[in-house]
Amino acid sequence: MRNKLIILLTLLLYSSTPQLLAQRQLSEDAQISILTCSPGKALYERFGHTAIRVKDPAAGLDVVFNYGCFSFENEHFYYKFVKGETYYMLGVEDARSFFMTYYAENRFVYEQELNLTFSQQQELFDKLIINSQPENRTYLYNFVFDNCATRPYDLIKEVIGDTIISDYEGYTGQSFRRFIRTYTGAGSWEAFGINMIFGNRADQAMSSEQRLFLPEELMLYLSQAKTTNGISVVRSQFIAPFSANAVPWYKMALFGILFFAAIMIFINIWDWHRNKWSWGVDLALGIVYVLLFAIVIFLTYFSIHPLVGWNWRLFLFPLIHLCSRLIYILR
């Protein structure tokens with residue numbers, strides 16, 4: 001719902017305030033900042049969010065450029081999402097509306113003012129205006145390589161025109177799988193599900209810049225970033241690392257796996273005592289396994305998601321099922 005509202009606000013902003021397009025020249029008082037939003041409750045909000053704020057009091061301008069806009073009502077949205085062909089767009093909204101929306105969800109918004117010259121600020125603003133035009137604002141979203149965090153960073157590199165180096169090491173050298181797990185909660189069902197569909201590519205070590213697809217890493221990276229000339233990328237900032245919530249024991253994937261194993265053992269002991277096989281259980285679970293394998297086959301060979309593929313976790317539940325059935329077969 002929020003994303004559809006941003007799209008609507010974007011259209012209204014351009015139709016009702018044409019001076020935004022006409023007034024292309026920023027004043028000397030203008031400030032451009034990177035906004036980093038803390039995680040929300042939904043799975044797609046667990047990784048936080050990044051946006052760009054352009055504030056120019058002299059021009060009465062205070063807007064947020066947001067590369068994370070999409071609509072669930074797009075034609076065949078879920079099929080395209082699974083296939084990896086989801087198109088996001090660059091939306092523009094009033095900064096006050098942006099902040100109030102996140103505050104209403106008890107989410108923090110951290111801000112880092114970029115240390116840009118006047119000409120660099122103007123260049124960045126011009127690029128944002130051009131990118132937000134109807135013919136330019138949509139792009140093929142990729143969770144790892146092209147998202148709401150990578151696009152702002154790429155723009156910063158373009159306008160600075162120099163190599164950016166940061167003392168922040170973060171998760172450099174760690175795998176994508178382990179990195180993403182820190183945001184879904186180690187041991188949670190979300191982490192288990194993601195690990196189940198991630199293939200071997202997810203176990204590759206990330207380079208320094210590859211980890212910047214996650215908003216928190218980009219924020220912390222920029223906080224200690226400088227150009228090769230020793231100029232800090234950020235002039236002033238208000239930031240803090242994201243706080244991680246512990247996963248309750250009853251929401252741990254291990255608890256669910258052990259519970260499944262216990263249920264299967266119970267069913268087999270019950271079948272043993274009554275000397276009758278519960279074929280319905282095997283049929284139902286078999287259908288679930290086939291559907292799961294079909295989804296992974298589709299993701300591996302027909303989608304453009306970069307990290308999906310086969311891994312041993314796919315066979316965990318079928319293996320538990322098979323081993324438990326040995327109780328009945330070998331009785």
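Is W249 buried or exposed? In this predicted model, W249 is exposed, with a relative accessible area of 60%. The residue sits in the loop between β9 (234-238) and α10. Together with Y250, F255, F259 and I263, W249 forms a nonpolar patch on the surface. The accessible area of these residues together is about 580 Å².

Charged side chains were examined next. The whole structure contains 14 salt bridges. One of them joins K157 to E209, with the closest N and O atoms 3.3 Å apart. K157 belongs to helix α6 (residues 150-160), while E209 belongs to the loop between α8 (189-197) and α9 (215-223), so the pair ties together parts that are 52 residues apart in sequence. K157 is partly exposed at 28%. E209 is partly exposed at 34%.

A second salt bridge links the side chains of R211 and E217, at 3.0 Å from N to O. Here the setting is buried: R211 is buried, and E217 is buried too.

Helix α10 (residues 253-274) supplies another pair. D271 and R274 both lie in this helix, three residues apart, which is about one turn of the helix. An α-helix has 3.6 residues a turn, so residues three or four places apart point the same way. The side chains of D271 and R274 meet in a salt bridge, with 3.3 Å from N to O. D271 is buried, with a relative accessible area of 0%. R274, by contrast, is partly exposed, with a value of 33%. The pair also belongs to a network of salt bridges that links D271, R274, D282 and R325.

Helix α5 (residues 118-131) was checked for its length. The expected span counts 1.5 Å for each residue but one, because it is 1.5 Å times one less than the number of residues. For the 14 residues of α5, this gives 20 Å.

Technical notes
Residues numbered from 1 in each chain as written. Predicted model: local features only at pLDDT ≥ 70, side-chain atom pairs only at ≥ 80, totals over all residues. Heavy atoms only, no water. Salt bridge = Lys/Arg side-chain N within 4 Å of Asp/Glu carboxyl O. Helix = DSSP H or I, 4+ residues; strand = E, 2+ residues; numbered from the N terminus. Buried < 20%, exposed > 50% of the residue type's maximum accessible area, 1.4 Å probe, protein only. Patch = residues over 30% accessible without salt bridge, like charges linked within 9 Å, V, L, I, M, F, W, Y side chains within 5 Å. Areas by Shrake-Rupley, 256 points an atom, 1.4 Å probe, with all protein chains shown as cover.
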